[in-house]
Amino acid sequence: MSASAALLALALVAPRPVALWHSYRSEEAQALQSLADRFNASQDRYRLELLSIPFDAMSAKISAAIPRGHGPDLFVFAHERVGSWAPSGLLAPVAVDAARFLPGTAEAFRWEGRQLGAPLAFKTLALFFNRRLVASAPKTTDELLALGGRFADPAQGRFLLAYQSGDFYYHAAWLFGFGGSLFAPEEGGSGPRRDEAEGRAGSEGRLELDTPGAEASLAFVAKLQAEGFVPQEATSALVTELFSQGKAPFAINGPWFVGELPKDLDYGVAPLPVVSATGRPARPFLTVEGLYLSAHALEPEGAREALAFLVSDDSALLRAKVARQLVANRAAYDDPSVAKDPVLQAFRAAAALAIPMDASPRMQLVWEPGQSALRAALRGESPKVALAGADRQLRALQRPPPPRAAPWATLALVLCLAGAGLFFARRRPGTAEGGSRTAYAFVLPAALATVALVLLPILFSLGLAFFHHRADGGYDFVGLGNFADILASRGYAIIEPPSFYFTLAVTLLWTGANLVLHVGLGVALALLLHAPWLRLRGLFRVLLVVPWAVPNYLTALIWKGMFHRQYGAINGILRRLGFPAVSWFSHFATSFGADVATNVWLGFPFMMVVTLGALSTIPQELHDAATLDGATAWQRFRHVTWPLLRPALLPAVILGSVWTFNMFNIVWLVSGGEPGGTTDILISEAYRWAFARQAQYGYAAAYAAIIFVLLAAYSVGAQKLLARRESA
Amino acid sequence: MSRPSAVRHALGHAAVVAATGAALYPVLWVIKMALSPGQAFDPSPSPWPRVVSLQNFRDLWGLGGTGHLWRELGNSLIVAVATALVGLLSSATAAFAFSRLRFRGRQASLAFFLATQMFPGIMMAIPLYILLDDLRLLDSLTGLVLVYSTTSVPFCVWSLKGYLDTLPRELDEAARIDGATSWQIFWKVILPLARPALAVTALFAFLSAWNEYILAATFLGDARKYTLPVALQSYVGEYHTEWGHFAAGAIVVSIPVMLVFFALQKHLVAGLTAGGVKG
Amino acid sequence: MAEVELKGIRKELGGNAILRGIDLAVADGELLVLVGPSGCGKTTLLRLVAGLEELSGGEIWIGGRRVDALPPAERDVAMVFQSYALYPHMTVRENMAFGLTLKKLPRVEIDRRVEETAALLELGALLDRRPRQLSGGQRQRVAMGRAIVRRPQVFLFDEPLSNLDAALRHQVRLELGKLHRQLGSTMIYVTHDQVEAMTLADRMALLRAGELMQAGPPLELYEQPRNRFVGGFLGAPPMSFLAATARVDGAGGGRCRAEGRGFSLELPGSFELHDGREIWLGVRPEDLALAPVAPEGRLLRGSVDAVEILGWEAHVELRVGDGTVTARAEAARLGALRPGAPLSLEVRTEGLRIFERSAEGGGAEPALAAAGKGARAHVG
C-alpha cells in the first residue's frame, strides 16, 4: 500500500522527458548540453534530453519519424526547410518576440503567416584577412583586385583570395552584388526585384538565372580564376590550407571557418567588399538555425518551455561565449565579452547585408543549374551560354507535373501485364518432381525475411511511381505520366547530358568499365594470392582488403583530392614523369576515368575475396595434370581454372554489375556529375528528384522502377546463361 | 626450382607488392589526417604528416567524440556479428535447397532474390522505417540486424549457391544412401565443405552491416543504441567536418574488419574437396 | 540378403523416355551385371533401384518389399559410385562409419564393423587418413568398404572400376569376384565394359536405348543372342553381319543356303526359312579360318581390307561383296598379307546366327532360329 503510494508519488514527481534532436558538434554541442543541464536544474517538471544525429540523416529522419509519432519534441535545423515541412504538417507554431532578434532571423521561420520556429543562430559569409600580410580588409573589389599582383603567384601556390569559387552558395554573394537575382518579377511587374527590395529572396516571381547581373558576376569570377587570383577547384580543405599557411591573404568563408584555423593565426574578419562595377555590396545568403516544435510532440508544454529557455538572451549569451556561435539575439552582442569579439561583431555586420535564403521548396531547384552554370563559366564557357543552359535546366526541373489520370486505364494495363506474366510463367515446363516440403523449409527463413523487409518496401516505392508528390505532402495519381516524362526526355534533347538516354548510355559504360576492371584485377590478384609460392600470403591478403574496410565516404573524398588539378597526388606524379597536369573534372573522359578509378579501387577487394573463395574449390591435382600436359600458365588459366571458377564467380559478377549500376555515392562524391552533369548515372537522377528537387518522390520512384526493369532484363539474360551452364 | 619459375615468382611478388602499394596509397592520407593535430582535410600531395599527434585518437574516447566509443564499438560488433550469423544461416539453407533440391518455384525464387538487389536502396529508407515501426523494432539493434541481414541475404544465397554447385552431387547421393536426411546432408556433408564460401559470405554480410550508417541513423532514436558508423558520421557537419576525428574513427572502424578477414582468410585454402571424387 | 524384382520400370526426363518398361529379376545372392552402350539407361536403372531417381512407372521390390516409394536409406541398399564420392573432410574411418552413425548404432558395434571391413579390404593402416592422401586404388577400396560395412541387402556398383588404370582394374576385378563369393550377397553391377560383364556376372542384362535386349547367363547371351544387337555387342572383335537371301532347294526339308553378293553359304540344321527371305548372317571371328581350300558352301572369298596384328593373334578384315567380316587368325600364319590381296576363309557354318532383315529392324532384328549347340572349337 505504502509502496504503491510511493511509486505513484515518484511517478508524479519524476520529470517528464522532452526530446531534442540536433546535429551540433564539439563546442556548439557542449554549449547546448550545458544549457540542457541548466534547464533541467532550473525546474523539476521536465527533463530535456538531447540526441545527436548525423547531419546526413537528420532531414530524412525528421520526415520519417514525426508523422509516425517517434519524432522529437524539439529539433534544430536550418530555416530553409520550413517551406517543405510546414505544408506536410510536421511543425507546430511557437511564440517568438521578433524584436529580440536580429532583423530577418525570426522572420525566416514565418511561413504563411505562422511562426514555425525560433532562431538560435545564423550563418553567413564574410571576408577573412591575414593581418600578417595585410593591415585591413579592402572595401571594394577594385581595392581587392589591386592587391592581386602583390600576392598571387599560382605557380608557387600563392593566391589573392581563397574561397570555394565553384560552389554556388559562395557565388551567390557576387551574383547579388552584381545586381543579379534568382527570382524574376511576374509579368508586368517593374521596379526593383523583390529579393533586393526586401532584403529577402522572396518566394514570389518565377525562378530565373539568366540575368545581366548574373552574367557579369560569372565573367567576374572567371576573370579572377583566369588571372590566377583564386585557386581552381577549391574545396573547403584547400581554402583552409591556403589561408592558414599564409598562401592567400584573403578568404571568403563562414563562422565555422574560425574553428578550422590555427589558434595562433592573426586574422581579421570584415563584411564582403562592395562590387566596384555596381557600387552594391556583395551579399551572401543568410541561413538561420532554429528550434522547431514538432506538431506531434508528446510534451508540447515542456517543449515550449525548453524552447523559450534555449532561445532566451541568457542562453544565447552562453552559446556565443562557449561556442562563439553567431546567435540571433540582439542583446547578446551588447555583452562586453561579445562586444570585444571582432569576429562575432564582423559577422553581425555582414548579416545585416545578407539575403535570407528562400525557404520555399522551389529554392532547392536553384542549386543544380546555378552550380553547373558557374562551373561551366569557370571552365571557360561564355557566361551567357552557361546561363541560358542553366535556365533551360531550371525550366525542365520546374516542368509541371504530369496531369492527374484516372486510375482505371493504368490499373487495367498493370493487370493485363501481370496476367500475361503469370500466363507465361505457368506455361513454362514445371519441374517434374513438383513440390518438396523439405526444400521449402530450407528456403523459408530467407524468403520470408526478404519478402517482408525487402519486397514490401520495394512494392511501396514502386507504387509511388504512379503518383505525383504535392508540396503539401499529398499524392496525386498520374498514371504512367512520370514514366512518359522520363522516357520522352521532357525538357531535354535526347542526346543532351541530363536526358534519360544520355544518362543511360553513361550508366552502361560505367557499369561495363567497372565490371571489367573489378573482375580483371580481382581475379588476377586472387590468382597471385592463391599461389603456393607467395610469401607473407596472409599479410598481403589482409592489406589488399583495406580499401574495402575503410569507410568509403572518406576514401572517396581522398580520391577526389588526389585528382585535384594543382594539389592532387596524381598530377604530382604525372608532372614528375614529365607529363602536363590534367584538369580531371573538366572533360568527360578524364572525369569519368576518375570516377572509375575510385570505384575500381573500392571494389576490387570484393571480387578478389570471392575469387579466393572460388579458387579453393579447384583441386590442385587438376593444375598438376595440366602442367604435366605442358600447358602454359595462360592455357592452364583459360582451360582449367577459369571454367571451374566461373560457376562460383558468376553470381558475384551479376550482382556486382547490378550494384555498380546503382553505385551512386562514388559518382556523387568524386566527380559530382562534372562536367555539366555528363558523368551522372541514372540513379543520381533518382536521388536528385527524391532529395534535392522538391521531394519529387514520384519521379524518383519512376526512375527506380525503370532501373529495376532494365536490370531485371539484364539478369534474365544472365540467368539464362546460368541455367545453360547448370544443365550442361 | 627451375630458373624460369624463379623469375616468374619474383615477378609475381613484385606485382603483389605493387598492387598492395596502390591499394594502401590513398589510405596514407587517412592515417595522415588521423595523426595530424587539428581537423583539416589536408589536400597537400604529400601523404606524410607534418606533425604527429595522437590527439585525434584520444579525442575519440574523450570529449571530442560522443564519449561512448566502447559502447558504440560494442553495438557495432553485436550488430555485424549477428547480421553475419543470421544472414549466413538463413542463406546457407536456402542456397543448399537451390543448389541441391528441385522444387516448384525454384527458378522463380532465385530470380526473386536477384530482383530485390535491383531496386535502388536509397529509395527504401522510409518504407523500411514504417515497417520497422509496425514491427515495434525501431530503436533496437534487433531491427537493424533484421534489415541488414535481409538486405545481404540475396547476395549470400546466390554466392553460396554458385559455390555449392561446384561441389560434386555424388557426395549428397552417397550420404542419402548412407541414410542421411536432407538436413544431415546439409549439416554434415555440405557445410563443412563450403567453408571457403561461408568465410567469403560471412565477410560480406559482416561488412554490409559494419559500415552502414544512413539506415542506422534513421532508425535509431536512442544514443545508447548508436553504432560506430553513426557516431563517426556525426563528425560530418553541414558546413564543417572534423576530418581528424573522422579519419581516426575510420581507422578504428577498419581494424576489426581486418582482424575478421585475417581470421576468415585461413579458410580460403585450396584442396578442401580434393580426393572426394575422382575425375 | 534378398532378391530384387523390377516390374515395368519406366523413366522419363523432360519428355524423353530414358527407360521404356524394364522387367528384370535378380535372385538372392546373384551378381547381375547391367551392360550396354553409353546412354542405354543402365546407370539410370541402378539409380532408380538406389532411390536416387524417381520412377515414372513400374514397381521395385527388394526382399519381397515394395520399395519404390521409400527413400534410399530405407531400401537397405549400398552403392559404390563411379567417382567413389568419398567425403573429403572425413577420414577413412569416418567415411566408413558415417552411415552407421546416422543409424545410431552403438559406438562399439560401429568400431567393430569398421575394423572388420577394413581388415577384409586391407585398409587397416589407412583408417586415419583422408581421401586426398590415398591412391586411386585405395580410394576405390574405401568406397567399397563404405558399402560393405553397412551390410546391406543389395550392393549397387556404378562402373566402379572405370577410373582405375588397366592393370589395377584387372586386379580389382578379381578381388571383386572373390568378395562377391565371400559375402554371397545380391549385387547389381553397371558397366559398359563387356569383359568386366562377362567375367563377373552370374547373369547379365543387356540394355539398349532404354529397353532390355536380353538377360541371362553371360554365355547364353554370347551363344544365343536374341537379336542382332546382342550378337553385335558381345565379343571382341564383335560378330560380323552379311546381308543375304535364303534359298531353299526343293520343297519340304530341303537344304538351305544363304546367298549374298559374292558368296553362297550352306546353312546347317533346319531353319524355318522360306525361299527368298531376307536375312542377316551373323559370323563370329572365331568361326572363320584361313583356308586355301574348302568345300564350296563353306567358303568366303574376298579381298583384304585391313590386318591388325596384336602379337600372337591377328584380326583380318575381309571385304566380301558389299559387306565386311572380321576373322581371327594366328599372326604367324598370315605371312605378308597386304590390304587388297585376295583371301579365302572357311566358315564353320554351325556357328552362324541368322537374324531377320527388314527396314524397320533398326539394328535389333530378332534372331530367327537357334543354330545347333555344341562344343565350340576355335578353328583359327
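What share of the 380 residues in chain C is buried? Buried residues make up 41% of chain C. This is a predicted model. In chain B, 60% of the 279 residues count as buried. Chain A has an average pLDDT of 84, and 90% of its residues score at least 70.

**Confidence in chain A**

- Where pLDDT is low, predicted coordinates should not be read in detail.

**Nonpolar cores**

- The largest nonpolar core holds 400 residues.
- The members that touch the most others include Leu161(A) and Tyr703(A) from chain A, and Val30(B) and Leu203(B) from chain B. Chain C is represented among them by Leu34(C), Leu156(C) and Ile188(C).
- Helix H26 (residues 588-615) of chain A gives the most to this core, with 14 residues.
- Another core, of 29 residues, lies apart from the largest one. Among its residues are Leu242(C), Leu288(C), Val320(C) and Val325(C).
- Which residues does Leu156(C) touch, leaving out those up to four places away in sequence? They are Leu46(C), Val49(C), Ala50(C), Val77(C), Ala78(C), Met79(C) and Ile188(C).

**Chain A: domains**

- Chain A is divided into three domains. Domain 1 covers 15-122 + 287-356. Domain 2 covers 126-183 + 208-283 + 366-397. Domain 3 covers 508-680.
- The C-alpha centres of domain 2 and domain 3 of chain A are 38 Å apart.
- Their contact takes eight residues from domain 2 of chain A and ten residues from domain 3 of chain A.
- On the domain 2 side, helix H16 (residues 367-378) of chain A gives the most, with three residues.
- That side of domain 2 of chain A has three nonpolar, two polar and three charged residues.

**Chain A with chain B**

- How many residues does each chain bring to the contact between chain A and chain B? Chain B brings 113 residues and chain A brings 116 residues.
- The chain B side divides into 73 nonpolar, 31 polar and nine charged residues.

**Chain B: fold and domains**

- Chain B has twelve helices and zero strands.
- The C-alpha trace of chain B spans about 70 × 70 × 30 Å along its principal axes.
- Of the contacts in chain B between residues at least 6 apart in sequence, 74% join residues at least 24 apart.
- Domain 1 of chain B covers 3-53, and domain 2 covers 69-265.
- The C-alpha centres of these two domains of chain B are separated by 30 Å.
- Nine residues of domain 1 of chain B and eight residues of domain 2 of chain B make up their contact.
- The domain 1 side of that contact in chain B has six nonpolar, three polar and no charged residues.
- In helix H4 (residues 106-115) of chain B, the buried residues include Ser109(B), Leu110(B), Phe113(B) and Leu114(B). Viewed down the axis of H4(B), the buried residues fall within an arc of 145°, so they line one face of the helix.

**Chain C: fold and domains**

- Chain C has nine helices and 21 strands.
- The C-alpha atoms of chain C fill a box of roughly 80 × 45 × 35 Å along the principal axes.
- Of the contacts in chain C between residues at least 6 apart in sequence, 66% join residues at least 24 apart.
- Domain 1 of chain C covers 4-226, and domain 2 covers 229-369.
- The C-alpha centres of the two domains of chain C lie 38 Å apart.
- Nine residues of domain 1 of chain C are in contact with ten residues of domain 2 of chain C.
- On the domain 1 side, strand S9 (203-208), strand S10 (211-216) and helix H7 (218-223) of chain C each give two or more residues.
- That side of domain 1 of chain C divides into five nonpolar, two polar and two charged residues.

Note on methods: Residues numbered from 1 in each chain as written. Chains lettered and ligands numbered in written order. Predicted model: local features only at pLDDT ≥ 70, side-chain atom pairs only at ≥ 80, totals over all residues. Core = buried A, V, L, I, M, F, W, Y, C linked by C-beta atoms within 7 Å. Buried ≥ 20, exposed ≤ 12 C-beta atoms within 10 Å, placed from the backbone. Helix = DSSP H or I, 4+ residues; strand = E, 2+ residues; numbered from the N terminus. Contact = placed C-beta atoms within 7 Å. Domains from an automatic or database assignment. Nonpolar A, V, L, I, M, F, W, Y, C, P; charged D, E, K, R; others polar. pLDDT = per-residue confidence, 0-100. Arc of directions from axis to C-beta.
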